[in-house]
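Please open the structure in your viewer and keep the selection tool at hand. The tour goes from stop to stop, saying at each one what to select and what is there.

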Amino acid sequence: MPVTALPPPYGVGTLGQEARDFASFLAAAGQRVWQLLPIGPTSYGDSPYQSFSAFAGNPYWIDLPSLEQEGLLEPEEYRFLDWGGDPEAVDYGALYEKRFPVLRLAVGRLLDQPPEDYAAFCEENRFWLPDYALFMALKEAHGGASWQDWPEPLRRREDAALETFRAAHGDALDFWQGVQYLFFRQWKDLKAFVNSLGISLLGDVPIYVAEDSADVWSHPEQFQLDSELLPIGVAGCPPDAFSPDGQLWGTPLFDWEAMARDGFSWWQTRISHQKRIYDLLRIDHFRGLSAYYSIPRGSSARDGCWRQGPGMALIRALEAGPGTQGLIAEDLGYLDEPVRALLRDSGLPGMKVLQFAFDSREESDYLPHNYEHHCVVYTGTHDNDTAAGWFLSAPPDDVAKAKEYLRLSEEEGLHWGLMRGAWSSVGDLAIVQMQDVLGLGSEARMNTPSTPSQNWRWRMRPDAATPELAARLRRQAELYGRT
């Protein structure tokens, strides 16, 4: 359940009361894990997998009523603004226009008399926060333009140019640091509440970072960039049955050789930071650690090729540093024997997706009778249709196979039967989408890969998570030993 999909009335889900209410619903329903999408600040396209930072939190998630309770906002400063006309969809345009002026008021009051722990927060996060604040202030000063379009001294982080900017824009730097303080203070409070209910937070770590990010700008040596600081190649996926033209993600590729020379310190820092935020972590696009798909800049996904990834060298570095306990491998996509060997050698649990199980043309590793305990079972992910949507859009023979295999019935509800397939499997952990619990159709799909708009928008109705629904979920959790 993405935070953005929670139902506060101010345009988007936040870390406030509605998040606590949802956690209480999960506790009543006998659930033990709440999986989230990445928490980073989103950019053009609104994808949480294209963030301005691998370390920062999304300013949109800061709860405004909580700021009012602290005396940092007045009710009339946010309650009566137009946050979008559809309560079941995020209006990112309205958020972009209205959220930051409101946050400026709150941060201004916060920094008039900084809290006792503010300086400590800045010090604890000095490994990323100053660069992020500087990056965002520079973007703001240049009309939101990518850092690739800034004046050359700023693109290349020349000391004199950066010092001149810092001296002239101290208030902007303070604002962006203050925003992150508010986000992580609210996050810390929410996580403590969720954990007190016996529920763990499962986060998602995108393998790549956006080109227009503080990470690439501040650490170009970690990426495959040319002498002009432009990506030599970008990430994506080759053509397959789901994407006939392949997928062009456009994110810069890591310079794995350079990373290996310094012991993968950037990755160790990243995973250490994420493990402080979450209890469990899903590593996105795990197969890219075995071999990654490299597409020459300016080319189509069809022109890419596979190149060797860091493999166990990265895993061993993580084992020696932050540790790999609680990590989950998103091992979907094209899987060859080296990927399977890396998964075995790493010891991480992989993923099984039921929507992929019922290809009527062949036997599938995703059929539950093929599972081992050491895996995480999903009905579908944010990149799939909802269960109800899948039953209407999948090939009829696949649907027929699913109905026969899982003994599905209209009386039970096809989506409940698919979830039963996950819960009744031997997989150590079973995750279902909240849209599937609610029985929603394709209109509630979170993301359709390779489409540029209308994604990441779904929101849950305020009255959807009922006590009756919690009771039905709890019964299923009890029945299959998952409470």
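Begin by selecting Val 234, which stands opposite Pro 252 in strand 4; two strands are said to pair if DSSP finds at least two bridges between them. Before going further, note that this is a predicted model, in which local features need pLDDT of at least 70 and side-chain atom pairs count only at pLDDT 80 or more, while totals for chains, interfaces and linings use all residues. Residues are numbered from 1 along each chain as its sequence is written, and side-chain values use heavy atoms, with hydrogens and water left out.

Now select strand 3 (residues 233-237), remembering that strands (E, at least two residues) and helices (H or I, at least four) are DSSP runs numbered from the N terminus. Strand 3 pairs in the antiparallel sense with strand 4 (residues 247-252) over three bridges, and strand 3 also pairs in the antiparallel sense with strand 6 (residues 291-296) over three bridges. Select Ala 235 next, whose bridge partner in strand 6 is Ser 294. Five of the five residues of strand 3 are buried (under 20% relative accessible area, with exposed over 50% and partly exposed in between, for a 1.4 Å probe and protein chains only), so strand 3 is largely enclosed by the rest of the structure.

Move on to helix 16 (residues 414-423), where ten of the ten residues are buried, so that this helix, too, is largely enclosed by the rest of the structure. Among the buried residues are Trp 416 and Trp 423.

Next, select helix 8 (residues 170-196) together with helix 11 (residues 265-277), whose axes, as lines fitted to C-alpha atoms over the stretch in contact, come within 10 Å and cross at roughly 55°. Here Phe 184, Trp 187 and Lys 191 in helix 8 meet His 273, Arg 276 and Ile 277 in helix 11.

For the last stop, select Arg 20, which lies in helix 1 (residues 17-28). Although Arg 20 and Val 194 are 174 residues apart in sequence, they are 7.2 Å apart in space, C-alpha to C-alpha. Leaving aside neighbours within four places in sequence, Arg 20 is in contact with Leu 15, Asp 189, Leu 190 and Phe 193.

Conventions: Contact means heavy atoms within 4.5 Å. Axes are lines fitted to C-alpha atoms, for helices over the stretch in contact, and angles run from 0 to 180 degrees between N-to-C directions.
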